[in-house]
Amino acid sequence: MEPKLKKELQKILTALAIFFAMMVVDKTGLCPLIFAHRLPSLFAYLIPYLLCGYDVVRKALLGIRNRQPMDESLLMFVATIGAFATGENSEAVAVMAFYLVGEWFQKYALGKSRKNIASLMDIVPEEANVERADGSIETVDPDDVEIGDILVIKPGEKIPVDAEVLSGESMVNTAALTGESVPRSVHAGEAVISGCINGEGLLRVRATKAFEDSTVSKILELVENASEKKSKTENFITRFARVYTPIVVYSAIALAIIPSILTRDPATWIYRACTFLVVSCPCALVISVPLAFFGGIGAASSNGVLVKGSNYLELLSHLHTVVSDKTGTLTEGNFQVSEVLPAPGVEKAELLRMAALAEGMSTHPIAKSIRDAYVAEAADTEINTALVTDTVNVSGQGLIATLPGRRIFVGNAKLMQAYGIDFTEATNAAATVSYVAVEEDRQSADASAVAAVAGNLTGSDGADGGSIGTGKEKGSIRYLGAILIRDQLKPEAKDAIAEMKREGVQSVVMLTGDRKAVGEAVGQELGLDCVYTDLLPQEKVEKVEALLTELDHHGRQQDRAELAFVGDGINDAPVLARADVGIAMGSMGSDAAIEAADIVIMDDDLARIPIVIRIARRTVAISTQNIAFALFVKILILVLTAFGLTNMWIAVFGDVGVAVLCILNSMRLLTIKRTI
């Protein structure tokens with residue numbers, strides 16, 4: 001508990017202890033000298049009243065002086081002064097004390113829900129250890145770290161800026177950023193993000209971003225701006241309170257004056273008016289609704305999701321359609337060889353050797369995946385690219401690499417057909433297929449030449465070269481087989497989509513620039529409702545516009561159906577900005593995508609999307625419950641008060657009791673944890 005809250009609680013408890021002691025003495029008649037007389041009794045009860053309520057009285061008087069009196073402090077001040085005026089001293093103190101108990105609960109609950117967000121402030125590193133050219137280590141402020149600086153991250157230290165590991169291995173704790181309790185292993189060549197805590201190993205890293213552009217700075221900026229974007233419900237309650245409070249004050253004045261004139265019993269009606277003021281205090285509404293949304297944002301952050309404002313939680317609660325990019329969002333964004341199909345008589349290793357040699361100098365992701373597959377198959381054997389004397393890229397078909405005594409063809413079916421190569425077509429629609437064929441010079445097609453080339457490929461003397469095999473022949477060109485490469489689906493993608501639908505999402509749509517066969521195969525594998533392929537970035541925006549128009553025609557006005565877009569690339573930024581709710585992948589996503597998005601998934605885990613949808617729906621449900629319960633109880637007690645059927649103790653429940661119950665209801669949001 002914060003020291004300030006602890007101090008306030010001690011003051012309230014002291015006042016309540018004095019108050020209850022006075023109540024016992026007063027009701028038992030143990031001290032008639034004081035409590036049997038009105039004026040001494042008043043002064044006695046003013047002690048606990050001012051002990052706990054001084055700040056409220058001061059705030060009310062300052063509001064009157066500044067001509068801004070219409071708030072709950074004024075209501076409590078006027079109500080308790082009225083109670084003192086009618087001789088109900090104990091009830092006046094009870095109203096103020098229990099009002100402050102309710103206020104304390106509000107602050108405690110707000111602090112608890114804020115804790116998950118405020119804890120993010122602890123991720124800010126205080127210093128950075130920069131390794132200078134002479135090998136010395138200089139400790140500097142993270143703001144002074146420049147891109148390219150070499151940093152030394154000691155065990156237990158926070159990573160000051162986004163960087164790439166140069167040397168060392170360690171387990172990095174990412175819990176503060178992603179909500180994931182299991183540390184992540186990092187080693188040379190991997191990226192690390194600022195704000196994470198290094199484990200037991202020593203790391204040397206190279207800064208890839210300045211501090212102001214690093215992940216930790218962007219997170220803090222998002223958190224600081226989140227409270228500025230309020231939901232429609234919060235804005236309504238704020239406007240409602242501004243109108244509601246003066247209406248209540250004037251109604252209480254009318255209740256005190258008009259019946260008093262008619263009945264000539266001012267004491268009774270002033271007491272009823274004071275009771276009316278107490279129960280009509282809008283505390284339960286003013287604090288519990290924002291607290292519910294703030295609790296929702298806190299619950300989301302503890303699950304690794306940053307929400308830029310409570311208005312986006314409200315939009316998510318009505319989510320109808322989720323539209324997603326494919327590469328890097330539903331898939332890993334890394335191409336890998338998924339299957340190798342050698343022709344009869346051709347070994348798998350030999351097929352990969354020929355393809356890897358031809359693709360040795362290419363920077364294309366497919367070429368890299370083939371080289372990686374070959375290295376994995378050949379057990380640390382390097383590719384001798386010096387053998388390639390010429391490479392020709394055939395637009396839209398593939399490439400032809402020339403080696404001493406042979407040419408290697410690697411490409412799609414069009415390339416095979418263009419050169420009349422007899423090949424077996426692969427039928428996996430979700431994969432990109434690279435067919436491989438080799439054309440040998442007739443003078444060097446004997447077995448020894450084959451072995452020599454294979455040996456040169458592996459950097460050895462040819463002992464492991466083996467034979468290419470007979471394969472299918474078309475003149476001097478032989479078909480060696482096919483290599484299937486595909487972008488791997490994220491392991492959680494299918495379950496996450498199914499969970500979204502269980503949370504009420506009606507349609508999940510994928511937009512991709514991939515060809516139709518690949519896109520539809522991925523869509524079928526993931527259980528998507530609709531797939532749009534062969535789209536350019538601007539066409540994605542147009543497609544989202546069309547989907548929004550369709551929602552407008554089918555119930556947006558009645559059912560408040562909303563559309564969310566999930567993306568990660570810089571080309572997704574326009575679509576993220578256009579959707580009702582933009583959701584960006586924060587770990588691997590581009591800065592532009594994160595800036596344009598309304599919600600950021602810190603570890604790129606799709607399973608967090610249904611979690612934040614669940615949090616949003618529960619947040620709106622709880623705020624609605626709070627509003628309905630508070631209004632029902634208050635209106636009921638107000639009506640009973642007007643007819644003299646209640647007293648201030650009932651009014652205290654109508655104010656403080658209702659507020660505390662609403663607060664406890666809002667705090668249930670903090671129990672939402674990841675379930676998939």
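The report below takes up the hairpins, then a helix, then the cysteines.

This is a predicted model, in which local features need pLDDT of at least 70 and side-chain atom pairs count only at pLDDT 80 or more, while totals for chains, interfaces and linings use all residues. Residues are numbered from 1 along each chain as its sequence is written, and side-chain values use heavy atoms, with hydrogens and water left out.

Helices (H or I, at least four residues) and strands (E, at least two) are DSSP runs numbered from the N terminus, and two strands pair if DSSP finds at least two bridges between them. Strand β14 (residues 398-403) runs antiparallel to β13 (residues 390-394), and β14 also runs antiparallel to β15 (residues 406-411). Within these pairings, aspartate 390 stands opposite threonine 402 in β14, and glycine 398 faces glycine 411 in β15.

| Hairpin | Bridges | Residues between strands | Glycine in the turn, phi |
|---|---|---|---|
| β13 and β14 | five bridges | three residues | glycine 396, about 75 degrees |
| β14 and β15 | six bridges | two residues | glycine 405, about 85 degrees |

Helix α22 (residues 608-642) has 35 residues and reaches 51 Å from its first C-alpha to its last, close to the expected 51 Å, where the expected span is 1.5 Å times one less than the number of residues. Glycine 644, which follows α22, has a positive phi near 75 degrees.

A search of the whole structure finds zero disulfides, a disulfide being a pair of cysteine sulfur atoms within 2.5 Å. Cysteine 52 is buried at 6% relative accessible area, and cysteine 196 is buried at 1%, where buried means under 20% relative accessible area, exposed over 50% and partly exposed in between (1.4 Å probe, protein chains only).
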